[in-house]
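Work through the exercises below with the structure open beside you. Try each task before reading its solution.

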Amino acid sequence: MKPLAIRKGALGKEYADQEIICRQGEPGNCMYVIQSGDVVVLREEDGVEVAVGELGTGDVVGEMAIFEKQPRSATVRSKGRSRIMTLDKRAFLRRVHEDPSLAYKIMQKLSGTIRRLNEELEQLKRNQEY
Amino acid sequence: MSFELDDGSKIGIIGGGPAGSMFAYFLLTFAERMEMELDVDIYEPRDFSQLAPGGCNMCGGIVSESLIQYLATEGINIPDNVVQRGIDSYELHTEEMDARIETPLQEMRIAAIHRGGGPRDTKEVKWSSFDGFLLELAHEMGARAIPKRVSKVGWDDGKPQIIFKEESFTYDLLVGAVGVNSAGWKLFDQLGFGYRKPETVKTYITELNLGYDTITELFGSSMHVFLTNIPRVDFAAVIPKGEFATVAMLGDNIDQEMIDTFFKCAPVRSCFPEDWEPSPGICHCSPKISMKEVPVPYTDRVVLVGDCGASRLYKDGIGAAYRTAKAAALTVVFQSVSKEAFKKYYMPAYKRITFDNRIGLLIFAAIHLIHKVTPLTRGTLKMVIQEQSLPGNRRRMSILMWNLFTGSAPYREVAIRSLDPRFWLKFIWFSATSLRAPKKIER
């Protein structure tokens, strides 16, 4: 397990192991960038939690809330200690209006997510066929 | 001769501070997206790992809340070894009282950094240079850092040229990122397109070597802003960093008398232990800041970014460097390097900064007026103090002050917020109930 460089005074906010960063079903008005540490993305269905992804330092999470007026689609929980910085929806959208290229990295991430989901869907269909 | 960049096009950047490095970073990022290979040289004689003045670009060393967020969205996360201290609050100090403004999220989203390797009397180098980090980012994207000072430029058959004694280099585009504290601006005067130096004023910066624990005890994670009665001082700030606290004074050509008076005034004394004699640090400088932009920062194949073109009034100079550098990079990759392209695609971003500065001037005139009328100053601080228990969106004066002193929002947004009648009703109420001086100084 890699050592965590959590330092007092650095940017963002510190989260303890298992602490929830954002919760599925809650309204969202920001996204998050992981400054250090790891987080787990969980989908909850009928009281059962399924881990759908794991993200680490430098990754952005919760970006769907920026583009949709929908509640959070998943819960994000700190895996070990982590430090997370909030990116405001309004500040982001104001700046995107002036400089649309700011959204490129997020579009790239969403495109990667769609690609990964397509691959997983294909795998599921293949498994059903057998 | 085409003005569009293509595979193998050569770009020379004079100055490897934030504007030059960010221009190179975005230029190469956009070129990669377009599957275009460019040849980029950054001329920067400083070694940013050196202690001041050899590695320093002379600045208060604050990366604003908004810039931190934009950079994070761009995928640029300032590493822990560059952020000396995360700032999560501001403390306003006046002659009569103090007020603290906290961010509603209680999250550190402002970075206190050193531009170079550290002040002159650094005993042990624990943090890295912000400018060095950005230059390294540009280098990782493929830019070549050339540790040479450029002293002559010219034209070679319609293309800009950097001329050294022994050799010359011709470029498809020459970028000026020379700031306002070097003689670099003269280079662009040599190119004969009417460039002139931006109007500047002299500020003052000193680094107090107090040690990490003492700084934490005295200043915590707050930036301390002082609105004093010292003539010609607009405002001053103490920015807590790692082993040092940076003192920055802004006003009308700060001189030694103003500095001495500042260190002796009551609000400043109250921030330090009684037995400690606040005095300027060993490392100090009087950098200039831009007060008025250059009207035309471009010609065919030449563009100026950062302070040597336009900067934000009084604050967030690094934010202005980001905006101008990125706008210029977008123009040259997706449009061309002609003056028509710069006029059409670069100037709107540039003019947003310069127009905003005009509003900033009006806001600072209003601040001076408020500061001269004591009940209004008291009313302002009392309103800020009362608001700290309210939800974020109802902290009208606090948001306004936060945006004004952190540089997190454009001045036009500060002005729009100040037009809210609910803000004025509350401000008038607090000022009217502050006609009498407080029984004791509230610190």
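**Exercise 1: A sheet in chain B**

In E12(B), B:Gly176 is the bridge partner of B:Ile14. The model is predicted.

Task: Work out how strand E1 of chain B is joined to strand E12 of chain B, and in which order the strands of the sheet lie.

Solution. 
- Step 1. Take the two strands. E1 of chain B covers residues 10-14, and E12 of chain B covers residues 173-176.
- Step 2. Find the links. Four bridges join E1 to E12 in chain B, and the two strands run parallel.
- Step 3. Extend to the whole sheet. Six strands of chain B form an open sheet, ordered E8-E2-E1-E12-E21-E20, with mixed pairing.
- Step 4. Look at the edges. Strands E8 (144-146) and E20 (298-299) of chain B each have a single partner strand, so one side of each has no neighbour in the sheet.

**Exercise 2: Chain A against chain B**

Task: State how many residues each chain gives to the contact, and which element of chain A gives the most.

Solution. 
- Step 1. Count by chain. Chain A gives 21 residues and chain B gives 22 residues.
- Step 2. List the elements. On the side of chain A that touches chain B, strand E3 (30-45), strand E6 (75-88) and helix H2 (89-98) of chain A each give two or more residues.
- Step 3. Pick the top one. E6(A) gives the most, with four residues.
- Step 4. Sort by class. This side of chain A has nine nonpolar, six polar and six charged residues.

**Exercise 3: Domains 1 and 2 of chain B**

Task: Find how far apart the C-alpha centres of domain 1 and domain 2 of chain B lie.

Solution. 
- Step 1. The domain assignment gives domain 1 of chain B as 10-48 + 129-199 + 292-359, and domain 2 as 77-125 + 204-286.
- Step 2. Take the centres. They lie 31 Å apart.
- Step 3. Count the contact. Domain 1 of chain B gives six residues and domain 2 of chain B gives nine residues.

**Exercise 4: Two helices**

Task: Describe how H10 and H13 of chain B pack.

Solution. 
- Step 1. Helix H10 (residues 374-387) and helix H13 (residues 421-432) of chain B pack at about 115 degrees, with axes 7 Å apart.
- Step 2. The crossing of H10(B) and H13(B) is right-handed.
- Step 3. Residues in the contact include B:Leu376 and B:Met383 of H10(B), and B:Phe427 and B:Phe430 of H13(B).

Technical notes: Residues numbered from 1 in each chain as written. Chains lettered and ligands numbered in written order. Predicted model: local features only at pLDDT ≥ 70, side-chain atom pairs only at ≥ 80, totals over all residues. Pairing = 2+ DSSP bridges. Contact = placed C-beta atoms within 7 Å. Nonpolar A, V, L, I, M, F, W, Y, C, P; charged D, E, K, R; others polar. Domains from an automatic or database assignment. Axes fitted to C-alpha atoms, helices over the stretch in contact; angles between N-to-C directions. Left-handed = near helix turned anticlockwise from the far one by under 90°.
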